[in-house]
Amino acid sequence: MNYNINFPHLHIYLDHVGKSIDIFGFSIAYYGIVIAIGMVLGTLLARAVAKRTGQDPDMYVSFAIMAIIISVICARLYYVVFSWDLYKDNLISILNIRQGGLAIYGGVIGGIISAIIFAAIKKVRLGTLLDTACLGLLVGQILGRWGNFFNREAFGGYTDSLFAMQLPVDAVRSVDITNELASHMQVVDGISYIQVHPTFLYECVWNIVVLIILLARTKHKRFEGAIFFGYLVGYGLGRAWIEGLRTDQLLIPGTQFAVSQLLSIGLVVFGIIAIVIGRGIARVKAKKKQ
């Protein structure tokens with residue numbers, strides 16, 4: 001396998017980007033490493049926001065432990081359900097997540113389920129919990145996308161734009177190579193490359209912008225849950241666009257509709273409606289206090 005990853009128009013040529021590192025004879029996937037780092041940094045950010053907003057920072061460590069376990073399970077189940085043909089003949093492979101196969105939206109769903117359970121157990125306001133936790137989740141999503149980079153997965157179709165990324169054909173799954181990518185295949189120094197949209201990078205940058213905006217709004221939110229609903233709108237808008245570029249879309253069985261793209265659009269609509277209603281209720285309460 002060739003380990004090159006190139007960004008020719010940016011004049012960036014990475015000669016050896018491995019998928020794992022060996023420590024004491026044990027192979028650890030970079031995919032897992034970046035996700036783990038994202039989880040730690042996300043928890044630290046949630047604790048910092050909690051402290052700044054008068055909450056108990058340590059509560060978010062307990063929540064993170066619970067949410068991470070449930071979210072990883074849900075992320076895997078989401079991916080497996082919509083990629084069943086890859087696993088139906090080898091069910092034990094469902095347990096092998098070292099090569100990827102975690103769907104972000106499955107993780108988001110798992111995080112929401114965790115928040116509902118945790119809020120009920122700890123008797124805390126769900127809106128406040130979600131407002132703080134979603135910021136940590138964004139950090140995990142920002143870092144997690146680099147796992148796709150190391151795995152050479154979740155890329156887009158052919159492009160010759162400034163950020164075009166070249167991947168060796170023998171380093172990617174053949175099912176992710178569309179006819180368009182195959183027709184634009186290039187051979188450089190005897191190595192065949194496909195040239196794709198680096199969708200992992202697009203989503204990483206998009207999420208950084210969303211995180212900055214939401215952090216700036218934290219002290220100015222008009223109602224509990226406002227930051228979380230803003231997250232649904234911001235992340236959903238970016239994901240709806242970026243998902244349309246990818247060649248490995250998870251489709252609704254029996255259709256050609258990308259489930260994550262439809263879910264993104266639905267969450268954007270839901271988030272906008274929730275924000276409008278929430279602001280309306282906040283205005284009514286403010287008038288009653290006058």
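Select residues 20-23, strand E3, together with residues 26-29, strand E4; the two run antiparallel and are joined by 4 bridges. Helices (H or I, at least four residues) and strands (E, at least two) are DSSP runs, numbered from the N terminus, and two strands pair if DSSP finds at least two bridges between them. The model is predicted, so local features need pLDDT of at least 70 and side-chain atom pairs count only at pLDDT 80 or more, while totals for chains, interfaces and linings use all residues. Residues are numbered from 1 along each chain as its sequence is written, and side-chain values use heavy atoms, with hydrogens and water left out.

Within this pair, Ser20 stands opposite Ala29 of E4. The two strands form a hairpin with 2 residues between them. Now select Phe24, which lies in the loop between E3 and E4. Phe24 is not a glycine, yet its phi is positive, about 55°. Most residues other than glycine have a negative phi. Is Phe24 buried or exposed? With 87% relative accessibility, Phe24 counts as exposed; here buried means under 20% relative accessible area, exposed over 50%, and partly exposed in between (1.4 Å probe, protein chains only).

Move to Ala154, in the loop between H4 and E5. Ala154 also is not a glycine and has a positive phi of about 55°. Ala154, however, counts as buried, at 6% relative accessibility.

Select Asn148, Phe149, Arg152, Glu153, Phe155, Met165, Leu167 and Phe200, which line the largest cavity. On a 1 Å grid over the protein atoms alone, a cavity is a set of points where a 1.4 Å probe fits but cannot get out; a pocket is an open set with protein on both sides within 12 Å along at least five of seven lines; lining residues have an atom within 4 Å of a point. Grid points are joined across faces, edges and corners, and a volume is the space filled by probe spheres set on the points. By this rule there is 1 cavity of 30 Å³ or more, and the volume of the largest cavity is about 30 Å³.

Helix H4 (126-151) and strand E5 (165-168) each supply at least two residues of this lining. By class, the lining comprises 5 nonpolar, 1 polar and 2 charged residues. In this scheme Ala, Val, Leu, Ile, Met, Phe, Trp, Tyr, Cys and Pro count as nonpolar, Asp, Glu, Lys and Arg as charged, and the others, Gly among them, as polar.

**Aromatic pairs**

Display the aromatic side chains next; the whole structure holds 15 aromatic pairs. Rings of Phe, Tyr and Trp (its six-membered ring) pair if their centres lie within 6.5 Å; planes under 30 degrees apart count as stacked, over 60 as edge-to-face and the rest as tilted. Select Tyr78 and Phe82: their ring centres are 5.2 Å apart and their planes stand at 55°, so the pair is tilted. Tyr78 is buried, at 9% relative accessibility, whereas Phe82 is partly exposed, at 24%.

Which class describes the rings of Phe149 and Phe150? Their centres lie 5.3 Å apart with planes at 70°, so this pair is edge-to-face. Both Phe149 and Phe150 are buried. Then select Tyr105, Phe223, Phe228, Phe229, Tyr231, Tyr235 and Phe270, which ring pairs link into a cluster.

**The second largest pocket**

This pocket has a volume of about 300 Å³. It is lined by 16 residues, of which Leu214, Arg217, Ala226, Gly230 and Ile275 are the closest to its centre. Helices H6 (199-217), H7 (226-243) and H8 (259-289) each give two or more residues to the lining. Which of these elements gives the most? H6 does, with 6 residues. The lining divides into 9 nonpolar, 3 polar and 4 charged residues.

**The cysteines**

A disulfide is a pair of cysteine sulfur atoms within 2.5 Å. How many disulfides does a search of the whole structure find? The search finds 0. Select Cys134: the nearest cysteine sulfur, that of Cys204, is 17 Å away. Cys134 is buried, with a relative accessible area of 3%, and Cys204 is buried at 6%.

**Last stop: Asp58**

Select Asp58, in helix H2 (residues 57-81). Asp58 counts as partly exposed, at 46% relative accessibility.
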